[in-house]
Structure formats: C-alpha cells, structure tokens
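User: Hi! I'm new to reading protein structures. Could you walk me through this one with some questions and answers?

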There are 2 protein chains.
Amino acid sequence: MPTVAYLGPEHTNTHMAAQAKFGRRSTYMHAPTVDDVFELVEREQADYGVVPIENSLEGAVTHTLDRFIDFKHTPVNIVGEIEFRIQHYLITQPNVKISEIQAVYSHPQALAQCRKWLATRLPKQVRLFETNSTSDAVDAVTVRVDPTRVTQPLKNVAAIGRKEAARKFRLRAMPIQDERENKTRFLILGLGEPRPAKRNKTSILFALKDRPGALYNALAPFKREHINLTKIESRPSKRKAWEYYFFIDLEGHESEPRVERALKQLEKHATVMKVLGSYPVAIR
Amino acid sequence: MPTVAYLGPEHTNTHMAAQAKFGRRSTYMHAPTVDDVFELVEREQADYGVVPIENSLEGAVTHTLDRFIDFKHTPVNIVGEIEFRIQHYLITQPNVKISEIQAVYSHPQALAQCRKWLATRLPKQVRLFETNSTSDAVDAVTVRVDPTRVTQPLKNVAAIGRKEAARKFRLRAMPIQDERENKTRFLILGLGEPRPAKRNKTSILFALKDRPGALYNALAPFKREHINLTKIESRPSKRKAWEYYFFIDLEGHESEPRVERALKQLEKHATVMKVLGSYPVAIR
C-alpha cells in the first residue's frame, strides 16, 4: 500500500479526500504546507501527495499553482485528481446557544463559503477569526491556540470544521446547509506517469510574450485540433508587475497526436511552457 | 472635496492609496468589507470607493471580483485605478530581539508576500497567525485582539504592517526588503462615468456557453480590432461547479468605435456580459 502525504492537520477535507481515494490501509503523513507535500514526494518519502487546487465557490488555491511556477524543474507530476463534496459544520461546546455566539473561528475559505449563513443566522455583532486550517479552528473551541498568550476556557465561541474533528473532542456539530454546489478538486502528485485512461486531462503551465493578441494566438492550436479547454487560470509572474503565467486544463492525453501537435504549436508562442501531467479525469 | 470610502481600518495600504489619489483634504470613511465599500457608493453616502483588485505577487483580490458577479445590477462603475508600491515593516515592541520572536501576526497577503524573508531571518519555530488587516496585526502587538479571551501583554511577538500604524503606538518598525516588485492595484468606484483620457482601459465581465473553442471565439473580436488585452481572470460562477466567469481588461475606451464593435461581437458568444467601466490608465 502507498504512503500518501496530504496538506493539513488530520480530519481536514484534504485528509478525507485522500482517504476516499487511497483507502484506509494506506499510510498517511500530514504536512503543514503545500510546499511540504511537494517536498515529501520530491524526496520519495511519500509515493503520492494530495493538495487542493480549486473550490467551486472560492476558486483557485493559489499556493498550489504558485508552487508549480516557483519550482518549474520539480520532478513532480500531476498523476490524478479527486473531486470531493464539502460539508461544513458549526462546532460548539454542547451547551452553547446559537444566539449567544460571539466569535467564529475557521480557515478563510470555510468562512467565505459560509458567509451568507453566518450573516443571516448568527448575532449581528459576531466576530470572525481566521485560522490556518479547519482543525485549528476546532482547537480554538476547546483549548488555547496561541502559545504567547495565557487564555481562559472559551465560552460562546464556534468553529466551522468537519464533523470528525468535533467528534474527537466531544463537541456539538451542526451541518451548515448551503444551497450552492460546494466541491473541492484535489490534485494527486507523484513522480511517475499514469497510463492513459478512457478519459484524460492534461494540465499545462505557460507564459507569453507581451504583445497584442498573444493569448488568442496561443489558444488557436487547441481550436484547430478541436481540443476542449476545461479551465484557464492566470497568476502573477512575481518577477515583474502585471506579467502573468497561465494554467490550462485540456481534454485529452499528452501522447495523443492532436494534443502533441497543439502543444508543439503553443511552444512557439510561449516564453515558458511545461506539461504538468496527463491523468484520468475524476469520476463525477 | 469628495467623500471617499475605503476598505480597511485606518493606516492600511488601501487608506494610503486613497490618500495618495484624493489628497489630505477629502473626507475619508473606512469600511470593514469590500461589500460595505460598494454599498456606501451605491447609497450615495460616499462619492468614491477604493478597493484592492490585484497584487503583483499574490494576484487577484477575489472578494472584489466576486462582488461584481454577485451584484451584476449594481449601478457602481469602475471610474479609475491606482497603482501603489507596497513596503512592509516588521513591527515589534522596542525591546524585542529578532532572534527571540515566537509569533508573527498579519493579513494573509502580507504574510505570503514576506514568506521568504520570514523563513530565512526568523527563528525556525516561529508561528504565523492571520489577521483581518495589517492594522489588526499591529493591534496584536500592543493589546489583546480577541474579546472572548483574557490575555496578558504580549512578548516576543511581531506584526507585519505599515510604518504609520507602528508610529501611532510607539512601536519599532523595520523595513522588510524584498527583491521582487510588490505593487497593488486599486479600483476607484463611483456612480458616474469619467471623461475619456489620453490612455484608457475598459474592464468587462462575461460568461460563455460551455463548448469547445468558446474562449478562443470570444477573444477573436479583440484580435480582429487590434485591441490589446492587459489582463484575464477567471472566477467560479458559484451556481454550478466548474463553470466560470471571465474578467478582461482591455486597452481603449468603450466609446471608441473599434471597442464598441468588439464588445458587440463578444456579446453574441456570451451568456452574460457587462462593461464594468472605462477609465484612465494609472500613471506608472
């Protein structure tokens, strides 16, 4: 069974997504940052890494995209993807009333995804505090979080997190229903290349010369080869202000002649180009 | 003199950018969220609003983009932009040694922008805590932040923030040099439409039917009319997973015939399309 490194403390959504994919018998290692997950795979201390890449409400996970820009020569490929439905829970001590909650702790993405619920259901003067993970938020409801401060046990405080984390500390967890589709897509990182499946996806990273029509010209080969683009994302180059890298996901495998042709054409327009991986499309 | 609403508490970068544009004699109102800034302009309680839209290291400010998606019928236009160089300071009590710092507080973007400096210059075991603004971070160095906890005065703690905020509390501020170009672009929001300047920019928002070549076809009119696109950004629709809205900045004014023609063509491909504003390009 493989060793799988994932972003987070335990009981986060990334942990649950990794378990859903690799099963209970694999060995799991949690890593505190996206960078650490990549490094564990690069040093072959883990066979696979699992990191979030995109949420259907909040958009791209920029840390993950930027790791590919900052380390263009990493041997790590994208070898798969996982789609995972996110269900948030409002977690409190068992005796706390909703109407008395004064503060809510959670990861910024979780707070953002529950913004409407929090604004309509909790007292007007409630304060929101950001934590590094949803697990850290649950810690805030149980114990002190910050080693530099002396704190008293918390009252009238809630966290947004996963049910599993609440159960561990015997806290109350109440599902926060949201009418919108809340899914996160995770990347599986590895050193190998997976065999082509029935439906594949290829992720690429590139930069273009700054001239009129540059992006249009770069997309032309995909149109010509009838290749569907499922996603385009831009990120700052960090070398020069207002200069960008692009991430594109396209339907098909790198080894298909039409994909090969299109990528060769794109290379002519690009100052940088890298295939991040071809991998099976997640089952939806 | 106009009344200007800006995102933030006082002494944040948004406040400084607003002052650099509107001068010391304007009236300033600070608003706690991007949403509040829009609302102050919508209700005509402020003549202008100032919100961040993009940082040269960290990328798009997604709250601002999403406000345009969530309220497509807002009467608010983009009437200008401000470019502002960001200088971060490490702020501590006067007697704290760098080698003894145990925790650093700041806004997630400021922490991200100083990630390399923090990793190489501060003790290995230093902990990072996210705050809602750089001003809140400076508060953390001086007073308790969290009303639900009883805290003692802080030792060996630092904030990343602006010099002006440190000065107010008689704290020590040390510039954190970074070799990379760190600039933020802000939008000026208003109800009117500015007169065309010498060099103008137009921002648009649109959604496309999900079909092969959709984005390519949408960009064709701009290529045909020789209109340069300075920026493209995608954001989740939030209605359906993996469905996107696009934001494009293009060179030229809405009233120029070639821009008019291109926008008319784009409209044929789009399920949603809105011009967010035509405005003078910021002087660099």
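This is a predicted model: local features need pLDDT of at least 70, side-chain atom pairs count only at pLDDT 80 or more; totals for chains, interfaces and linings use all residues.

User: How many helices and strands does chain A have?
Analyst: Let's begin with the outline of the chain. Along its principal axes, the C-alpha trace of chain A spans about 65 × 45 × 35 Å. Chain A contains nine helices and 15 strands.

User: What percentage of the residues in chain A are buried?
Analyst: Here a residue is buried if 20 or more other C-beta atoms lie within 10 Å of its own. Chain A has 284 residues, and the buried part of them comes to 48%.

User: Which domains does the assignment give for chain A?
Analyst: One of the domains is made of two stretches, 1-85 and 183-192, and this is domain 1 of chain A. The complete assignment for chain A is domain 1 (1-85 + 183-192), domain 2 (89-175) and domain 3 (193-284).

User: Now the pair of chains! Which element of chain B gives the most to the side that touches chain A?
Analyst: In total, 42 residues of chain B are in contact with 42 residues of chain A. On the chain B side, β8 (127-130), α8 (214-224) and β13 (229-236) each supply at least two residues. With six residues, the element giving the most to that side is β13(B).

User: What kind of axis relates the two copies?
Analyst: Two copies of a chain are related by a rotation about an axis and a shift along it. Here chain B superposes on chain A by a rotation of 180° with 0.0 Å of shift along the axis, at an RMSD of 0.0 Å. Also, 100% of the interface residues of chain B are interface residues in chain A too, so the copies meet through the same surface. The two copies are thus related as by a two-fold rotation axis.

User: How many of the ten residues of helix α1 of chain B are buried?
Analyst: The buried residues of α1(B) include B:His15, B:Met16 and B:Phe22. Among the elements covering them are β1 (3-7), β2 (27-31) and β3 (48-55) of chain B. Helix α1 of chain B is largely enclosed by the rest of the structure because the number of buried residues, out of ten, is seven.

User: Is B:His11 buried or exposed?
Analyst: B:His11 is found in the loop between β1 and α1 of chain B. Its phi is near 70°, a positive value in a residue other than glycine. Because B:His11 has 21 C-beta neighbours inside 10 Å, it counts as buried.

User: And what does B:Lys238 count as?
Analyst: B:Lys238 lies in the loop between β13 and β14 (244-251) of chain B. Phi of B:Lys238 is also positive, near 75°. With 19 C-beta neighbours inside 10 Å, B:Lys238 counts as partly exposed.

Note on methods:
Residues are numbered from 1 along each chain as its sequence is written. Chains are lettered from A and ligands numbered from 1 in the order in which they are written. Two residues are in contact if their C-beta atoms, placed from the backbone, lie within 7 Å. Helices (H or I, at least four residues) and strands (E, at least two) are DSSP runs, numbered from the N terminus. Copies are superposed by least squares on the C-alpha atoms of residues with pLDDT of at least 70 in both. Domain bounds come from an automatic or database domain assignment. A residue is buried if 20 or more other C-beta atoms lie within 10 Å of its own, exposed if 12 or fewer, and partly exposed in between; C-beta atoms are placed from the backbone.
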